[in-house]
Amino acid sequence: MMKKQRKKEEKKVKYTNVIRLNLLFFIVFVLFVALILRLAVVQILDGEKYSRDASATTHRVVKTSNPRGKIYDRKHRIIVDNESTYAIVYSKEEKTTTKEMLDIARKLSQLIQLDTNKLTERDLKDYWIVTRPEQAVEKISPKEWKDTTKSDQDLYKLQLERINSKDLAAIDKNELEVAAILREMKKGYAYSSQIIKNKGVTDTEVAVVSEQLNELPGVDISIDWNRKYNYNDVFRSVLGNVSSSEDGLPSDKLEDFLSKGYSRNDRVGKSQIELQYEDLLQGEKSVSEIEMSKDGDLLYKKVINEGKVGKNLVLTIDMELQKKVEEVLTKELVMAKNNGGGEFLNSAFAVVMNPQTGEVLSMSGKKLENVNGKIKVIDHALGTINSSFEMGSSVKGATILTGFETGSIKPKQQFLDEPIYIKGTKVKKSVSTMGMLNDQTALQRSSNVYMFKVAMAMFGKTYYKDMKLPIKPEAFNTFRYYFNQFGLGIRTGIDLPNEAAGLPGNKYDPGYLLDFTIGQYDTYTPIQLTQYISTIANGGYRVQPHLLKEVLNPSDGMEVYKSVETKVLNKLDMKQSYIERVQEGFRKVYQEPGGTAYSYFSQPPYNEYKLAGKTGTAQSFYYDPVKKYLYKEQPTYNLTLVGYAPYDHPEIAFSVVVPNTKTDSHPVNKRIGQGIIKAYFDLKKE
């Protein structure tokens, strides 16, 4: 009985195990079938989608700058050129990390030398954070890390603020070069070349970097360009500057340049001519299309448009004349400083222009500076457009013509040159008592009193001793209106940035109006003085001075893209006979005995040039911009000279301004005038 029971139970257990095993096989079978079905769905139904995702790529357009246009002088001599040079460049991929760039920078620092002087404190702090991540983390407290109100940028700013001088002192000399390289690498954008070094790249550096390019992903050797100035420092300040590849776009004009399609690391004109004509010089960028994989790898690059180099500029400047004028200014300024010029004499200016067209042939300025106890002559040509002075008697031609046009005086009218006693003012007089003078002899001998009586006539007054003149501000306005017609006290429109307009006096006492008529009240710039004398020389047309003559297409030839036409800003609203009266008075200044320029220009070769014009002297006071002090106890003199030649068909007009001489009798202005006019006609013979 017991055996039967045991066999029955064993049979039951076997049956149960079989059932379980079959159930297990069934479950496995079901799962296997489900897997097969899923694979089928993935392959058949979703296969195309996953295939597209796996092969997805990104297309981008990359723009690269071409070299800037060249700059020529009027005779097609190259002033500014592009000099090709080796450049070490870096192009990062989109997925490149800062740590990877740091590794490359460390390797590269062993192969090249890079100037570290431009590293800022911010650059060093950024480098410190990258190279000392654990210490950088400790600059933020655990509580601050957990503060959800603070963004990553907020935490980064806190790190920067808390990095102290002791932290930065831990960066050794060798690391500085790594930091400098990393700084340049980080400026670039994905797949665009960023210049690491393009100045002073040696053949050795090119060789060693080339050998190890496999170890330096993204680094390459390229051909770049730098601006080359063939005349060195001649006319240098007016040509202006181009930003370096390290600096990129100027911060003060960043948004403007970006809106025009520039990249942040593009080189652009920063000042003067390079800035003024940036749109022409910059040229057209080359355009390439690149394709990247989903992981950011570069698959191919295709050039769509090779672009063009910038257009070439032809300036109105004659660089040989410019050189000679600068030499004359330097020589005469230094000589005057050493021979009675006085302690405040430190600058001289000259502008030479074609009075018919407004083409500026030379534009020069020199300044003396004390450098370590030695006097050094530096370029100050921009002072011709942004420094203004009381110009003295050179402007008397405008006074006479204002008198004619307002009806205050008539041609040939005579006045007695005598000491003038106006109630409430000091005696006013000419350099000597000259007796009866007409308009032309007043210009020839430079009578102050004649000009004073022109102003009195505008008041409707005839001079008598101790008379009292009325206060009439409108008389100042009338004079300034007519002076503006010559270009005095108003911007000339020259094609350079930051031209000054000069400064009008702000008091309206009658005595100041008398001073105004002899150029000792309002201030004018040297370029304004040149426009003024040109207006009289050409018969009454105020032409706009300009430095650009032509624009050339960027080719091997001289194909003209655009020519600059003469622009007349206004025509003097007066009879031609009035202008001719003043022209004759100006001729007498240089050509006849008694003329204030006669003794310096009556001998060969100067008497051959047929000069006309005017001398000027204005009492002034030296203002020290460093000490911010006006030396009223020591009056100085601004010496000026304007002229044109030949007087019967003017082809050249010029102005000379030498401020702050010790004496009003120093001949430095006339000696500079001699040098300029001789240089012009000597070059014309060649």
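Student: What does "buried" mean here, in terms of relative accessible area?
Tutor: A residue is buried when its relative accessible area is under 20%, exposed when it is over 50%, and partly exposed in between, using a 1.4 Å probe and protein chains only. This is a predicted model, in which local features need pLDDT of at least 70 and side-chain atom pairs count only at pLDDT 80 or more, while totals for chains, interfaces and linings use all residues. Residues are numbered from 1 along each chain as its sequence is written, and side-chain values use heavy atoms, with hydrogens and water left out.

Student: OK, and how much of the protein chain is buried?
Tutor: Of the 686 residues in the protein chain, 50% are buried. The accessible surface comes to about 34900 Å², with 51% of that belonging to carbon and sulfur atoms; such areas come from the Shrake-Rupley method with a 1.4 Å probe, and for residues only the protein chains shown count as cover.

Student: How many helices and strands are there?
Tutor: The chain has 25 helices and 20 strands, where helices (H or I, at least four residues) and strands (E, at least two) are DSSP runs numbered from the N terminus.

Student: Changing topic, which residues touch the most other members of the largest nonpolar core?
Tutor: Those are Tyr450, Met456, Tyr532 and Phe586, in a core of 56 residues. Helix H19 (residues 448-458) gives the most to this core, namely 8 residues. A nonpolar core is a set of buried Ala, Val, Leu, Ile, Met, Phe, Trp, Tyr and Cys residues joined through side-chain atoms within 4.5 Å.

Student: And what does Met456 contact?
Tutor: Beyond its neighbours within four places in sequence, Met456 is in contact with Ile420, Ile422, Lys461, Tyr463, Met467, Leu469 and Leu514. There is also a second, separate core of 35 residues, which includes Leu345, Val352, Phe601 and Leu641.

Student: How many aromatic pairs does the structure hold?
Tutor: It holds 19 aromatic pairs. Phe344 and Tyr622 form a stacked one, at 4.6 Å centre to centre with 15 degrees between the planes. Rings of Phe, Tyr and Trp (its six-membered ring) pair if their centres lie within 6.5 Å, and planes under 30 degrees apart count as stacked, over 60 as edge-to-face and the rest as tilted.

Student: Where do Phe344 and Tyr622 sit in the chain?
Tutor: Phe344 is in the loop between helix H15 (319-338) and strand E9 (347-353) and Tyr622 is in strand E18, so to speak of this pair is to speak of distant parts of the chain, 278 residues apart. Both Phe344 and Tyr622 are buried. Tyr622 also forms a tilted pair with Tyr631, at 6.1 Å centre to centre and 35 degrees between the planes.

Student: What about salt bridges, how many are counted?
Tutor: The count comes to 32 salt bridges, each being a side-chain nitrogen of Lys or Arg within 4 Å of a carboxyl oxygen of Asp or Glu. In one of them Glu278 pairs with Arg68, the closest N and O atoms being 2.8 Å apart. Glu278 is in helix H14 (residues 278-281) and Arg68 in the loop between strand E1 (57-64) and strand E2 (71-72), 210 residues apart, and both residues are buried.

Student: Which helices hold Arg581 and Asp439?
Tutor: The side chains of Arg581 and Asp439 meet in a salt bridge at 2.7 Å, N to O. Arg581 lies in helix H23 (residues 576-591) and Asp439 in helix H18 (residues 439-445), so the pair ties together parts 142 residues apart in sequence. Elsewhere, salt bridges that share partners join Arg68, Arg227, Glu274 and Glu278 into one network.

Technical notes: Contact means heavy atoms within 4.5 Å.
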